[in-house]
There are 2 protein chains.
Amino acid sequence: MRRLDEQEIRDIANGSAILGTGGGGDPYLGTLATLEAVTKHGAPQLMDPEELSDDSLVAFPFIVGAPVPGVEKFPFGNELAQALRTLEDQLGRKVDAVMSAEIGGANSMIPMSLAVRVGIPVVDGDLIGRAFPEIQLTTLTLHGIHASPFALADEHGNGVVLNVIDNFWAERIARAVAIEFGAVCVGVAYPISGKQVKVATLHRTVSFAGRIGKALREAKAAKKNPLDAVLAAADGVEVFRGKIIDVERRTQRGWAVGEAVIAGSDRFTNRVARVRFQNENLVLMVDGEVVASVPDLITILEADTGAAITTENLRYGFRVAVIGIACQPIWRTEAGLALAGPQHWGYEVKYVPIEQGAGAA
Amino acid sequence: MRRLDEQEIRDIANGSAILGTGGGGDPYLGTLATLEAVTKHGAPQLMDPEELSDDSLVAFPFIVGAPVPGVEKFPFGNELAQALRTLEDQLGRKVDAVMSAEIGGANSMIPMSLAVRVGIPVVDGDLIGRAFPEIQLTTLTLHGIHASPFALADEHGNGVVLNVIDNFWAERIARAVAIEFGAVCVGVAYPISGKQVKVATLHRTVSFAGRIGKALREAKAAKKNPLDAVLAAADGVEVFRGKIIDVERRTQRGWAVGEAVIAGSDRFTNRVARVRFQNENLVLMVDGEVVASVPDLITILEADTGAAITTENLRYGFRVAVIGIACQPIWRTEAGLALAGPQHWGYEVKYVPIEQGAGAA
């Protein structure tokens, strides 16, 4: 267990934005809100999963809904605490630690913001190793563990508790509720034991995000190429580079859905890439061929600064690099691909690991 | 407190269908489901509101959603019991009696069906004195009493509990959940004390429905005019008569919304009436003039049998009588009209009590 200082929190936010593949909420606002909570309540404690006692109770706070309107709705402080209390009331006991449901801009920060407010630690890990836009897409679903009881809260003081039969129903009902709550709200779900954390979650992904953010920061300070630093720290590969020439984006059933079109430059000159997204980037096509796809990570970075661009911040004219990072191994299993592979998102393509697809590009 | 026999249950169902103004769920299926439950579990006990002890706990089970798909989904037995248990868990105590949220075909039967299953009485009364398609439209809202905690359940075993800040939010979130649950589900809400039942609900409206149903049955047996019997028992007035020449109906945000067009006959020959509905009949226009409107009751009956026709059963060619019945006095207060008057439904007309509007027709 160690206390995180402001620089580490910023590093984690910046690294999480890169692993968040364009989603997980706005990293800038998430960071501001968390630093404000830290100033008020003290520094967050980051705890290794192995430090948890087997019978401790861990829960996962996160933002539900489309990122676009969420921008105006931060910081969610009261709602998070309310949702946690509601979950505790349901379970008849206190939650001992919180953990990130996903690694993504704001959703990596939300647990810290809540943890300092209620005085419990944050566990170093998450349920995806990236961000995904649907609640059932977690390692816990692959382990047969329920998202319910699942508490939702909005900024008006409204609360809802789901006790649903599987995690697909959790997604379906939570999204409908989030839409009514103004497109975005907070949830605290997946209450599990310390023992379950040890066997069914992804460990030390928060630290991993922090190392990526740190590499980016140090490269900038040393006037080195930030993109190279990110690729080295994240074990990623550049799969496209160019200028955004079109962005189509709409809010559809509580998601920001759309496509960015990028005209190639440098070694990609005369080629055109399309990144399709649903909150997160899902598929990269170059000249009509799928080069990278979920569950691997596809992130669009500012070419000059190496900073991640969320899907809601993609704009015409941005000069960008598209990078690919191998997903966590569990997503490449048969069950992992059945849950979150390209077919789940409506792409009738065979999943090709980024290491091979990137070579093809 | 008295036990209801099968004939009384049928009378209540038929009378409720008339007071249900076309909504409240299918009376035929509601009756079948209730009689099945009665056969299995015994006769329901009907209790006068004055028999309740002040500190007893009363709750209101009902169907949420559009009536059209509900037809296939009866009888809701397990869901009702599950929703009641969920509510009891939330409150930490048992519910002592149930009561109808509204007087309408199925929603008058639902409390009996649940009551016999769990062995508690039904209180003789309701929250509207008719059926309304939105959860906040009750006398309890007018008395500042919350619908929350509010338990919803579907036939798959999914459960949701709402703890929302007001009854408009209850409607909004419950409807969104019902839509995800396949357009229709059950809810148990508005937990109140016996004391609150005494001051803030409508008393003996179940008995009133029973008297209307009985009058209809006895008129048929005596080969008398059933329509006259209904009008006498319900203190209603015939406001139109004719043949349905068009029905437009669509499911919109969990409601059956539409219009029936009726070509006049008898003393209404050469006139055309339109009945607009949203689950329930809302407005009657004759030759473009509003003749009757919410909150007064507008019911379409089969001209020859006097049986109520629900909005989902309106069909081309039916020969019908449209009757109007004065609403409960609380709906004619300033607060009642602000909550459920014509403007609430998008009609920019001044409310004219049925007694005056019917005279104008």
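Which residues touch the most other members of the largest nonpolar core? They are Leu284(A), Val322(A) and Leu284(B), in a core of 249 residues. A nonpolar core here is a set of buried Ala, Val, Leu, Ile, Met, Phe, Trp, Tyr and Cys residues joined through C-beta atoms within 7 Å, and buried means 20 or more other C-beta atoms within 10 Å of a residue's own, with C-beta atoms placed from the backbone.

This is a predicted model, where local features need pLDDT of at least 70, side-chain atom pairs count only at pLDDT 80 or more, and totals for chains, interfaces and linings use all residues. Residues are numbered from 1 along each chain as its sequence is written, while chains are lettered from A and ligands numbered from 1 in the order in which they are written.

Now for chain B. Strand E7(B) covers residues 150–153; strands (E, at least two residues) are DSSP runs numbered from the N terminus. Phe150(B) and Leu152(B) point one way, Ala151(B) and Ala153(B) the other, and all are buried.

| Partner of E7(B) | Residues | Bridges | Direction |
|---|---|---|---|
| E8(B) | 159–163 | four | antiparallel |
| E9(B) | 184–193 | three | antiparallel |

Phe150(B) has Leu162(B) as its bridge partner in E8(B), and Ala153(B) sits opposite Val186(B) in E9(B). Five residues separate the strands in the E7(B)–E8(B) hairpin, where Gly157(B) takes a positive phi near 105°.

Definitions and conventions
Buried ≥ 20, exposed ≤ 12 C-beta atoms within 10 Å, placed from the backbone. Pairing = 2+ DSSP bridges.
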